[in-house]
Amino acid sequence: MSSRNLDLAVRPRSLAVIGASNREGSVGRVVIDNIVRGGFVGTVWPVNPKYRQVSGLSCYPDAAALPDAPDLAIIMTPAATVPQIIDELGRKGCRAGVVITAGLTPENGLRQAMLDAARPHLFRIIGPNTVGLMIPPLKLNAGFAHMAAQPGNIALLSQSGAIATSLIDWAGENNVGFSYIVSLGDMADVDVGDWLDLLAVDPTTRAVVMYLESIPEPRKFMSAARAAARIKPVIAIKSGRHEEAAQAASTHTGALSGADRVVDAALRRAGVLRVDGLAELFDAAEITARFAPLDRARIGIVTNGGGAGVLAVDGLIDLGGELAHLAQQTLSALNEALPATWSHANPVDIIGDAPPQRYRASVAAIASDPGVDALVVLNCPTGLASPVDAAKAVADLATNGLIDGKPVISCWLGEQTARQGRAILQEAGIPSVDTPAEVARATRFLSDWSKAQKALSRVPATRGEDVSVDRAAALAIFRRVAADGRRMLTEPEAKAVIGAYGMDVPETVVAATPDAVQKAAQSMLAAGGKVAVKLLSKAISHKSDVGGVVLGIETDDAAAEAAGAIGERVRKLRPDADIQGFAVQPMIERKHAQELILGMSIDPIFGPVLLFGAGGVAVEVVDDTAMALPPMDEVLAGDLIERTRIGRLLAGFRDRKPADRAAIVKALNALSQLVVDFPCLVGVDINPLLADADGAIALDARIEIDPERVDEPGPNPALVIRPYPAEWAKSVTLGDQDFDIRPIKPADAALYPRFLARVSPEDVRLRFLAPRRRFPDEMLKRLTQLDYDRDIAFVALEDSGDLAAVGRLSCDPGRERAEYAILVRSDLQGHGLGWALLHHLLDYARAENIGLVEGMVLADNVKMLAMCREAGFKVEHHPEEAGAMRVWLNL
């Protein structure tokens with residue numbers, strides 16, 4: 001519902017151009033000229049009390065004088081006049097406007113005045129301070145860009161007007177067309193999330209590219225981006241990659257959680273493909289929009305120049321790509337088709353004199369190899385063979401850019417001789433890039449987008465299935481800490497908390513004095529091994545900084561001496577710090593174990609974030625970490641591990657066995673669950689977590705809380721991705737049939753075709769308010785990829801797993817009211833399933849403090865109207881839709 005009233009703005013039939021002018025050099029003149037000269041086929045009404053005519057069109061003094069309500073207004077009057085103009089447009093019946101004017105800021109109050117004027121009319125504002133809006137398929141250039149864009153199927157959203165106009169210029173030279181170009185401006189109302197909601201279901205848009213400088217409304221952005229990216233590629237540049245990292249003295253995680261790393265984690269979780277350069281935006285859009293996601297991206301390379309092939313491999317490996325290993329049957333086929341001097345490996349160097357037949361045979365052989373997922377074909381110009389003929393040979397093998405069902409990316413090096421070959425390949429649907437480095441990036445786009453699509457299908461629940469939780473034990477510890485007025489837990493307290501969430505921790509004995517340390521050590525040493533003695537102080541979190549840790553102690557006397565020495569050092573270095581005692585632990589010595597760090601910190605935009613990587617005392621120097629957003633599951637945790645260098649070491653090497661990956665994943669999921677359960681968490685460090693083939697154990701832990709929030713219940717409202725609400729699943733028995741009702745999942749899209757085939761055309765008409773024959777795959781994905789915040793749907797499943805019914809709620813941005821809809825399979829109606837879903841929706845709405853549930857029901861949908869009246873809904877004729885009734889229930 002965040003795209004409400006934007007439908008006319010993106011398909012306008014009439015425009016009001018407020019501030020249109022005849023004055024040369026004025027913004028009003030440039031904008032009206034761009035609209036008129038661009039050939040917009042709709043009605044254009046200039047508005048300016050100074051003129052009778054502008055650009056040959058009749059000009060009106062104000063909005064009230066217009067012949068009719070415009071679908072869209074373009075506003076470029078002085079800032080102080082904008083609020084009143086929006087109110088006048090709203091009264092006229094206009095519902096959306098592009099505010100080009102700058103200077104409407106929070107500081108001068110005009111921004112709020114503008115929003116206040118818009119609110120009673122539900123008037124949507126694009127801008128202010130924007131270059132304008134272009135819709136090339138409609139020949140609409142409603143802005144002051146220096147040139148119009150070609151029509152196409154890429155939508156551009158830009159927070160920088162200068163970047164937008166630069167990309168328009170670049171695209172014109174490179175024959176790239178657009179469905180929309182939106183200069184977002186200050187995003188006082190309509191923001192990136194709103195546009196993504198709109199573009200997700202726009203049939204003219206095949207891919208969305210974005211230039212972002214900030215991300216307002218992060219939860220809405222994540223929800224909209226995840227829904228859009230499930231349907232079509234979404235590619236972004238996010239500037240500010242090297243902002244100064246956030247610093248937090250209490251945890252390593254805080255020091256490592258730079259703003260850009262968190263943005264990277266958020267975009268990755270949203271399914272958005274992030275690129276570094278402006279030109280890459282369109283390369284990535286072309287490749288991801290053209291090809292379906294791959295389960296894996298093992299690359300086979302064919303080249304007539306060994307050097308070009310090596311450069312492509314270098315770039316591929318640098319970017320984390322995977323070179324395919326060719327099957328023996330493929331090598332045999334190549335041996336028969338190629339000269340004896342070919343490379344006999346991947347990349348397949350077919351020699352500089354390669355004729356088209358050689359290209360055809362080698363590309364066909366590579367494409368048929370079961371270990372190859374995608375192909376790269378390169379051509380270097382030589383005097384011995386024609387690049388054009390080579391291109392024709394490859395193009396003849398392709399169908400829509402695929403050879404043997406596998407995507408192909410080409411690179412014809414050079415310029416003058418390569419141009420015609422590139423055109424031939426592109427005509428066959430094969431993307432063409434200019435250099436081996438760009439080849440590597442192109443294959444990365446394909447693999448990264450494929451990984452993003454997998455992540456989008458993951459819906460970690462409020463309660464993880466593989467996490468053993470004693471929430472009450474953790475809460476009791478947090479309450480004791482809060483009662484002391486502390487924010488930092490001691491090490492034993494922190495270990496007890498993570499132990500309550502299923503992480504392995506060593507035995508810890510708290511000793512108040514060196515003598516007590518000696519007794520504790522004596523008991524532990526009797527079992528063999530060594531012990532460690534650590535400072536216990538509520539004022540000191542980094543014990544190593546004050547010499548508060550002594551390891552490898554072999555006797556009880558040495559343990560007592562170590563405790564005494566720690567006390568002396570602390571009194572000298574930190575005389576202000578209280579010493580509560582000492583922690584005595586058995587030394588955990590694992591020769592081949594890797595030291596890891598797990599952590600959590602709070603990002604000011606995206607809320608709680610998790611960190612994983614190489615741990616130890618030099619964690620900031622090594623700086624081998626990756627970040628992710630909770631909630632997590634085993635797949636997302638595995639992806640986080642794989643994004644670090646140490647993740648590769650954990651897989652085993654030389655004489656080292658692979659570490660127990662399941663134990664590391666379990667620890668990550670335990671930390672995620674802790675974050676979901678406790679909004680009071682401010683920061684967590686588990687460092688080091690020792691991991692080897694025998695498991696993973698946390699040797700040290702540090703936790704910071706907000707004492708004021710200890711008793712706040714979960715799930716954590718600060719999570720930018722809401723967990724799957726598994727607690728809202730239940731079973732019902734209706735007559736002699738059982739049904740499972742649960743929140744919908746992305747994978748349920750696969751259940752819809754069979755479900756809809758068993759819904760009558762009449763029931764489809766009643767549910768969707770119009771006859772409908774087709775339900776495109778994109779629509780089914782949109783119906784099932786929900787955020788469980790703005791939108792929720794519940795499915796009722798038969799014992800067979802077949803979909804029996806669906807009920808959904810779509811909330812307004814403030815979550816004060818929600819629109820409901822229910823569809824029961826035609827052969828199952830009359831058994832009470834619709835009633836069961838309606839009551840479940842209402843119970844959910846009450847639990848979420850949604851004040852009003854409403855719906856639009858066709859007047860001839862007698863069954864639904866009767867059910868609504870019986871359930872206590874009020875029913876009236878819909879004020880805007882003839883033949884429809886509005887039903888609503890105050891909760």
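The model is predicted; local features need pLDDT of at least 70, side-chain atom pairs count only at pLDDT 80 or more, and totals for chains, interfaces and linings use all residues. Residues are numbered from 1 along each chain as its sequence is written, and side-chain values use heavy atoms, with hydrogens and water left out.

Helices (H or I, at least four residues) and strands (E, at least two) are DSSP runs, numbered from the N terminus. Two strands pair if DSSP finds at least two bridges between them. Strands of a sheet pair through backbone hydrogen bonds, either parallel or antiparallel.

An open sheet with parallel pairing is formed by 5 strands in the order 2-1-5-6-7. Its edges are strand 2 (43-47) and strand 7 (124-126); each has a single partner strand, so one side of each is left without a neighbour in the sheet. From one strand to the next the twist averages 20 degrees; here axes are lines fitted to C-alpha atoms, for helices over the stretch in contact, and angles run from 0 to 180 degrees between N-to-C directions. Within this sheet, strand 5 (residues 72-75) and strand 6 (residues 96-99) run parallel and are joined by 3 bridges. Ala73 stands opposite Gly97 in strand 6. Helix 3 (residues 82-92) packs on the sheet and touches strand 1 (14-18), strand 5, strand 6 and strand 7, where contact means heavy atoms within 4.5 Å. The direction of helix 3 makes about 165 degrees with that of strand 5.

A second open sheet has 8 strands in the order 32-33-34-35-36-37-39-38, and its pairing is mixed. Strand 32 and strand 38 (874-877) stand at the edges with a single partner strand each, so one side of each is left without a neighbour in the sheet. The twist in this sheet averages 25 degrees from one strand to the next. Strand 32 and strand 33 (residues 737-743) run antiparallel and are joined by 5 bridges. Val732 stands opposite Phe739 in strand 33, and the bridge partner of Lys730 is Ile741. The hairpin of these strands has 2 residues between them, and Gly735 takes a positive phi near 65 degrees there. Strand 33 also pairs with strand 34 in the antiparallel sense, over 4 bridges, with Asp740 opposite Leu797 in strand 34.

Helix 26 (residues 761-768) lies across strand 35 (803-811), strand 36 (817-824) and strand 37 (852-858), and runs at about 180 degrees to strand 36. Helix 29 (residues 862-870) packs on the sheet and touches strand 36, strand 37, strand 38 and strand 39 (884-890). The direction of helix 29 makes about 130 degrees with that of strand 36.

Rings of Phe, Tyr and Trp (its six-membered ring) pair if their centres lie within 6.5 Å; planes under 30 degrees apart count as stacked, over 60 as edge-to-face and the rest as tilted. The count comes to 11 aromatic pairs. In one of them, Phe478 and Phe678 have ring centres 4.9 Å apart and planes at 80 degrees, so the pair is edge-to-face. Phe478 belongs to helix 17 (residues 471-483), while Phe678 is in the loop between helix 24 (661-677) and strand 29 (681-692), 200 residues apart. Phe478 is buried, with a relative accessible area of 0%, and Phe678 is buried at 0%; buried means under 20% relative accessible area, exposed over 50%, partly exposed in between (1.4 Å probe, protein chains only). Tyr724 and Tyr788 form an edge-to-face pair, 5.4 Å centre to centre with 85 degrees between the planes. Both Tyr724 and Tyr788 are buried. Trp170, Phe178 and Phe282 form one aromatic cluster.

A charge sits over a ring if NZ of Lys or CZ of Arg is within 6 Å of the ring centre and within 35 degrees of the ring normal. The charged end of Arg471 sits over the ring of Phe678, 4.3 Å from its centre. Arg886 is placed over the ring of Trp888 in this way, at 4.4 Å from the ring centre.

With a disulfide defined as a pair of cysteine sulfur atoms within 2.5 Å, the count comes to 0 disulfides. The sulfur of Cys868 is 17 Å from the closest cysteine sulfur, in Cys811, too far for a bond. Cys868 is buried at 0% relative accessible area, and Cys680 is buried at 1%.
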